[in-house]
Amino acid sequence: MNGQWQLRFLGVGNASAVELGSAAAVLEYDAAPMLLIDCGQEALTAYVTQYARMPDAVFITHAHFDHIGGCERLFYQALFDPARCGKVRLYCAAALVPILQSRLGDYPSPLAEGGANFWDAFQLVPVGRGFWHRGHWFDVFPVRHHLPNTAFGLALTGAFLWTGDTRPIADQIALLDDGKMLIAHDCGLLGNPSHTGLEDLLRDYSPATRRRMVLYHYASTADAEQLAAAGLRVAQRGEVMPLNAPIPALQACTRAWSN
Ligand SMILES: [Zn+2]
């Protein structure tokens, strides 16, 4: 594959900053969507506005509703489309499956007239350390957001790493980083027990790593301006960033083993 890879930020806000969109991105190859990362309500609306269709594949980082709130709408759309029903790929860490079941799957009779289970509309793919999607290996790794093993990041080595909601995770990033790829990182102006703040970012990452970071999941435009004033790159809602081509999986594995 020799085309252009890019990452489109559908939303960059935290759970309260609805005007900035729910934090989510789309990996694109040659301007076509390949994988949606998180599916909050505003993210799904932004996706449909951008591509005039619903997503075929979604990776879920964790089960807060600003990251999964659009899944119910996706369920209804897919269930009544014979071409899509049962084929919308939903990748998530295996540890998240029981949580998604309680948040989404257990709702009594998702169809009022009965006859349908929530998961009928999807091809749920529980993943461990990663998954294959359209011939590419995506690494999945635990992050630090609420209880252990409830939130996960995603990386396509060589191209990008997406932290999801998290405190700093320098050790995880070091395992997957090729020194060139874009790192999309949770960051608000002020840190808290489940999110990274400016002070955390400056303390826990080297200047070289920060130069390849782009920040999202902030509280307001004013906060974004302050992060930018500190010399950091901040993603804007709707911004599209070019990516390096991913490193083929076998090479990526060899590189990880040699670290
Ligand atoms: Zn969250």
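Among contacts in the chain between residues at least 6 apart in sequence, 56% join residues at least 24 apart. A contact here means that two C-beta atoms, placed from the backbone, lie within 7 Å. The model is predicted: local features need pLDDT of at least 70, side-chain atom pairs count only at pLDDT 80 or more, and totals for chains, interfaces and linings use all residues. Residue numbers start from 1 along each chain as its sequence is written.

**Overall build**

- The chain holds nine helices and 13 strands. Both are DSSP runs, numbered from the N terminus: helices are H or I with at least four residues, strands are E with at least two.
- The radius of gyration, taken over C-alpha atoms, is 18 Å. A compact globule of 259 residues would come near 18 Å, so the chain agrees with that expectation. The globule rule is 2.2 Å times the number of residues to the power 0.38.
- The C-alpha trace spans about 55 × 40 × 35 Å along its principal axes.
- Of the 259 residues, 43% are buried. Buried means 20 or more other C-beta atoms within 10 Å of the residue's own, exposed means 12 or fewer, and partly exposed lies in between; the C-beta atoms are placed from the backbone.

**The seven-stranded sheet**

- Seven strands form an open sheet in the order β6-β5-β4-β3-β2-β1-β13, with mixed pairing. Strands pair if DSSP finds at least two bridges between them.
- β6 (122-127) and β13 (240-243) are the edge strands. Each has a single partner strand, so one side of each is left without a neighbour in the sheet.
- On average, neighbouring strands of this sheet are turned by 25° against each other, direction ignored.
- β2 and β3 pair in the antiparallel sense, over five bridges. Ala25 stands opposite Ile37 in β3.
- α1 packs on the sheet and touches β1 (5-11), β2 and β3. The direction of α1 makes about 130° with that of β1. Axes are lines fitted to C-alpha atoms, for helices over the stretch in contact; angles run from 0 to 180 degrees between N-to-C directions.

**Positive phi outside glycine**

- Ala31 has a positive phi of about 70°, although it is not a glycine. Ala31 sits in the loop between β2 (24-29) and β3 (32-37). Ala31 has 11 other C-beta atoms within 10 Å, so it is exposed.
- Ala52 is not a glycine either, yet has a positive phi of about 60°. The loop between α1 (41-51) and β4 (57-60) holds Ala52. Ala52 counts as exposed because it has 7 C-beta neighbours inside 10 Å.
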